[in-house]
Amino acid sequence: MTEIRQRILADPATRVLMALLAVLLLGVIFSADGAFYRLATHRDALRQASVYGILGCGMTLVIVTGGIDLAVGSVLALVSVVFSLMSIWWGWPAIVAVPISLAVGAACGAVSGSLTAYFRIQPFIATLAMMVFARGMAKAVTGGAKISPAVPQPDGSYQYVDVPAIFRAIDSRTLFDNLSIVTVIFLLCGALSWALLSRHRWGRQAYAIGGNEEAARLSGVPVVRAKMLAYVICGFLTAVAGICQAAQEQQGDPEAGAGYELTAIAIAVIGGTSLMGGRGGIGLTLIGTLTIGYLDKILSINAVPEAGRLMLTGVIVVAAVLGQSRGR
Amino acid sequence: MSDVSRFHKIAPVMALAAALWAAGCGSGEPAREASSRGGQGKYTIGMSQCNLGEPWRVQMNADLREAAAKHPDIEIIFKDAQNDTLRQRAHIEEFVSAGVDLIIVSPKESQPLTEPVARAYAGGIPVIVLDRAVLGDQFTTFIGADNRLVGRAAGEWIKTKLGGKGRVVELKGLMTSPPAQDRNRGFREAIEGSGIEVVFEADMKWLEADARKEMESALARYPKIDLVYAHNDPGAHGAYLAAKAAGREGEIVFVGIDALPQEGVAYVVQGILDATFQYPTGAAEAIDAAMKILRNETVEKQITLGSRIFTRENVEQGGAPLSQGAGAP
């Protein structure tokens, strides 16, 4: 009996689920006048967690290869600004604006990837530089202002345009108003990442590189190409998140996404992905997303003051991760 | 060790140094804004802005440029401290050693900037402090709006709008910053003793996405909300989007602060906000004061800026000014 229990507890999925259940229990206890039981609360918790979840998927892919991507917050802002510029100010159709925006994100990922894989610069430093650079580019595009439906005219006045249809489409709901479209996008990104990591040859290469890069190289794994792909896909997913962010704010904000990279890392780590590389999975990252998302929502509906939220979140992140290192 | 692996060990350090240098490079270079060419009889003004991340400060610099353009005999050098106090201290010292005729500074924090400003002032360079004050009185003049008055005016308007009673959600800016504290305090002072009840409040840190998230929580918890008071217009806009998604935007009044032309005022024109209160940048007043000082005229030690309110009724006329004592208890 004890052996079965030990085996269950040793499974990373169990420990992550326990963390999620603990958070949900917190919601049951502190249900804020029953707000926790309303469907709207859950639909909104998923909505607000979706952008972080998409970033978490990309981050998981990169961390599994033994790297890290600190630039996701800044690239999110850059894509958000570029997408808004094309869609709102220039009036380009979505069929043109979306692929270009995705390409911008992938290109940033490619730069980070080549700095890491070809030039062998440590991922922390390479993506730190990209984080600073991309933030600068986002501000350069707009001169520091936000791209909103108020379009500045040469004479200093403003012309108001409609919010583009693609923005409204992304920020809408489906399933009788019970599921946000951004949550659907998040789940699609999760499915894509899962397929790449668990079902595709690249996924096995990624785990091998993260586990022991030298051994992987000697076994014939194309390390440089595989690592590049991790960062390019992460950049692509970051671009998806940036488009969702712009749609949900109805504007492109060059200051958006500040600190999002840390939340993405927290999601991946709570989900059991080891920062050393070689361990982790998208399914677990999804559970990590729910854990952080619900914790945030429960603190929000209970109107917990900011200082308390920061401390509680820090404590719970540590507790969730401690619970994992036990069973190693 | 071989040369190749030595390179691989040094390269990260070089890359880090390059990245940090590039990041720090921008603010140190002065952006010369010459109103006209030629050095004779021209005054040089050094302007240190605490950051250009906030749209309101981008607007302040734009307003300064516009006001300065009307005076061909002044030239402003703009520096961006990127929200770094030490960098802002360096700006003041750089201006002093460059021998500018006047310094305008919008400080990030009061305490660390007080001494550098005092030294510049004692050395004979007039200093105009804009928006956030330094301590003491070792400067020429302080020009700023009063966030507490703005908060109070908002509270008074809300009291009138709701007929003295109602359920209000307050979405606060970063409560460790004085503007948010003042906008909160002024509002609470104005509604004290009335039937206005703040049923839900949260710190949305001036961010639209956070405001939307908090408003969703409020909507889930309270079936009846009459009004949302947000400390800035992006926050009010985020709350509006949340209410719209819940189909409840028609029954809620939305009030914001800042009234930037492309943001708050635009939202009032589009029918998203019911009212916004201007937090003026004070740029025009600063240039006026600068011209007076450079001509050796006296200026008041403290110039408190008035505010304007923009509502659906008066936005076409450019809003209405609030009297200085608006909402005073």
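This is a predicted model: local features need pLDDT of at least 70, side-chain atom pairs count only at pLDDT 80 or more; totals for chains, interfaces and linings use all residues.
User: What is the phi of A:A303?

Analyst: Most residues other than glycine have a negative phi. A:A303 is a residue other than glycine, yet its phi is positive. The value for A:A303 is near 50 degrees.

User: Where does A:R120 lie, and what is its phi?

Analyst: A:R120 lies in the loop between α5 and α6 (123-142) of chain A. With 15 C-beta neighbours inside 10 Å, A:R120 counts as partly exposed. A:R120 is not a glycine, but its phi is positive, at about 55 degrees.

User: What share of the contacts in chain A with a separation of 6 or more comes from residues 24 or more positions apart?

Analyst: As background, buried residues make up 55% of the 328 residues in chain A. Turning to the contacts with a separation of 6 or more, residues 24 or more positions apart account for 78% in chain A.

User: How do helices α3 and α8 of chain A run relative to each other?

Analyst: Helix α3 (residues 39-64) and helix α8 (residues 181-199) of chain A have axes that come within 8 Å and cross at roughly 15 degrees. Angles under 35 degrees count as roughly parallel. Therefore α3(A) and α8(A) are roughly parallel to each other.

User: Which hand does that crossing have, and how do the residues of the contact of α3(A) with α8(A) divide?

Analyst: The crossing of α3(A) past α8(A) is left-handed. Residues making the contact include A:L46, A:I54 and A:L61 of α3(A), and A:V182, A:F186 and A:L197 of α8(A). By class, the residues of this contact divide into ten nonpolar, six polar and one charged.

User: At what angle do helices α5 and α11 of chain A pack, and is their crossing left-handed or right-handed?

Analyst: Helix α5 (residues 94-117) and helix α11 (residues 223-249) of chain A have their axes 7 Å apart and pack at an angle of about 145 degrees. Their contact has 17 nonpolar, ten polar and one charged residues. The crossing of α5(A) and α11(A) is right-handed.

User: Why is helix α12 of chain A largely enclosed by the rest of the structure?

Analyst: Helix α12 (residues 260-270) of chain A has buried residues that include A:Y260, A:E261 and A:I270. Just after α12(A), A:G272 takes a positive phi of about 95 degrees. The helix is largely enclosed because the buried ones number ten of its eleven residues.

User: What percentage of the residues of chain B count as buried?

Analyst: Chain B has ten helices and 14 strands. Among its contacts with a separation of 6 or more, residues 24 or more positions apart account for 72%. Of the 329 residues of chain B, the part that counts as buried is 48%.

User: Is B:L149 buried or exposed?

Analyst: B:L149 is found in helix α5 (residues 147-161) of chain B. B:L149 and B:A190 are 41 residues apart in sequence, with their C-alpha atoms 9.7 Å apart in space. Because it has 24 C-beta neighbours inside 10 Å, B:L149 counts as buried.

User: Which element gives the largest share of the side of chain B that touches chain A?

Analyst: 32 residues of chain B are in contact with 33 residues of chain A. Elements giving two or more residues to this side of chain B include α1 (3-28), α2 (55-69) and β8 (195-203). The residues on this side divide into 19 nonpolar, five polar and eight charged. The largest share, eight residues, comes from α7(B).

Notes:
Residues are numbered from 1 along each chain as its sequence is written. Chains are lettered from A and ligands numbered from 1 in the order in which they are written. A residue is buried if 20 or more other C-beta atoms lie within 10 Å of its own, exposed if 12 or fewer, and partly exposed in between; C-beta atoms are placed from the backbone. Two residues are in contact if their C-beta atoms, placed from the backbone, lie within 7 Å. Helices (H or I, at least four residues) and strands (E, at least two) are DSSP runs, numbered from the N terminus. Ala, Val, Leu, Ile, Met, Phe, Trp, Tyr, Cys and Pro count as nonpolar, Asp, Glu, Lys and Arg as charged, and the others, Gly among them, as polar. Axes are lines fitted to C-alpha atoms, for helices over the stretch in contact, and angles run from 0 to 180 degrees between N-to-C directions. Angles under 35 degrees count as roughly parallel, over 145 as roughly antiparallel, 65 to 115 as roughly perpendicular and the rest as oblique. A crossing is left-handed if the near helix is turned anticlockwise from the far one by less than a right angle, and right-handed if clockwise.
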